[in-house]
Amino acid sequence: MSTLKIAVQKSGRLSEKSLQLLEECGIKISNGERKLKAVAQNFPIEILFLRDDDIPQYVEQGVADIGILGENEVWEKDKEVKIIQQLGFAGCRMSLAIPKDEIYTDLNYFEGKRIATSYPKILIDFFAKNNISVFIEEISGSVEIATSIGLADAVFDIVSTGSTLLMNGLKEVATVTKSEAVLISNPNLTPENQAILDKLLFRMQAVREGKQNKYILLNAPNSAIEKICSLLPGMKSPTILPLVNKDWSSLHSVIKEDDYWEIIEQLKNLGAEGILIIPIEKMIR
Ligand code: ATP
Ligand code: MG
């Protein structure tokens, strides 16, 4: 039987969330000591633990069929791989920063400047598009110290809170792009592996929808049920159960996570009581 090989980051910012995502999809992995490989016990998938820089190449070559990594690495490596899903974690931006005492005007500030980065391709493409010529100093890490040691006039790096830049006397002056973790795939999967991937995507969808929605239970006077139902359409329509007090009913439905604070106010105004909001683990429409 075929197994789908998935590459995840061995250790770093993406590792824990990548494994958590697989676990939420019901995939059990036992790999206490973090070997190079692990096989899932209850799903035809094998996990390869790699450096994130290497994942695009391995997926292009078919050493791994799919992989989880930051979109920034996918753009930078520019391999023949397909982005099949945004995963909603490890969000960050890729920004240009300069010493904090410098006066910044606009992008033309960078004309003729030396910029240190670990992402030369993304940066070259960006400045070419803006018709600005810059000199790029490619370094593999600790980009934020490049200006203070005299290697460059500016830096281009990943930023999430901006505190690393501040600590190094830099200020962020322009965002080039935003990135988050994505699922990538080899463009030529065998039909067997495509079928396993489709199963995995179905589970991911159920997990994602579960997270985006809440189960809501409430008691309401029967006279308000109609109005409340129009506020809470649910997956098909709300469930209504009688209470012992026959003027009241219990109503169950599903509500979008983003909407519920606003709707709760309206429900209270309509006379709803005993409102419970409960997390949903998986949701299949
Ligand atoms: P590896 O050893 O696997 O090459 P790494 O040092 O390149 O690891 P990490 O620092 O673990 O990578 O970051 C992995 C990814 O996490 C980044 O490529 C980026 O997509 C995302 N990320 C989110 N926030 C940040 C941040 N503040 N700094 C760096 N990366 C971030
Ligand atoms: Mg890396």
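1. Let's start with charge: a search of the whole structure, which is a predicted model, turns up ten salt bridges. Side chains of opposite charge can pair when their charged atoms come close.

2. Take Asp 53 and Lys 77, whose side chains meet in a salt bridge at 4.0 Å, N to O. This pair ties together distant parts of the chain: Asp 53 sits in the loop between S3 and helix H2 (55-61), while Lys 77 belongs to helix H3, 24 residues apart. Asp 53 is partly exposed, at 25% relative accessible area, and Lys 77 is also partly exposed, at 28%.

3. Lys 77 has another partner, Glu 73, with their closest N and O atoms 2.7 Å apart. Here the two are about one helical turn from each other, because they are four residues apart in helix H3. Glu 73 is buried, with 5% relative accessibility.

4. Asp 125 is partly exposed at 41%, and Lys 121 is partly exposed at 25%.

5. Back to H3 (residues 71-77), which also holds Asn 72. Is Asn 72 buried or exposed? Its relative accessible area is 6%, so it counts as buried, the cut-off being under 20%. The side chain of Asn 72 makes a polar contact of 2.9 Å with that of Ser 179. Beyond its sequence neighbours, Asn 72 also touches residues including Met 94, Tyr 119 and Ile 158.

6. Now look down helix H1 (residues 15-24), where Ser 15, Ser 18, Leu 19, Leu 21 and Leu 22 are buried. They line one face of the helix, because they fall within an arc of 150 degrees seen down the axis. Among the elements covering them are strand S1 (4-9) and helix H6 (191-212). After H1 comes Gly 26, with a positive phi near 80 degrees.

7. Helix H8 (residues 260-269) has buried residues too: Tyr 260, Ile 263, Ile 264 and Leu 267. Their arc around the axis is only 110 degrees, so they sit on the same side of H8. Turned away from that buried side are the exposed residues Trp 261, Glu 262 and Asn 269. Gly 271 follows H8, and its phi is positive, near 105 degrees.

Conventions. Residues numbered from 1 in each chain as written. Chains lettered and ligands numbered in written order. Predicted model: local features only at pLDDT ≥ 70, side-chain atom pairs only at ≥ 80, totals over all residues. Heavy atoms only, no water. Buried < 20%, exposed > 50% of the residue type's maximum accessible area, 1.4 Å probe, protein only. Polar contact = N/O pair within 3.5 Å; in protein donor to acceptor, adjacent residues only side chain to side chain. Contact = heavy atoms within 4.5 Å. Arc of directions from axis to C-beta. Lists of a residue's contacts leave out its neighbours within four places in sequence.
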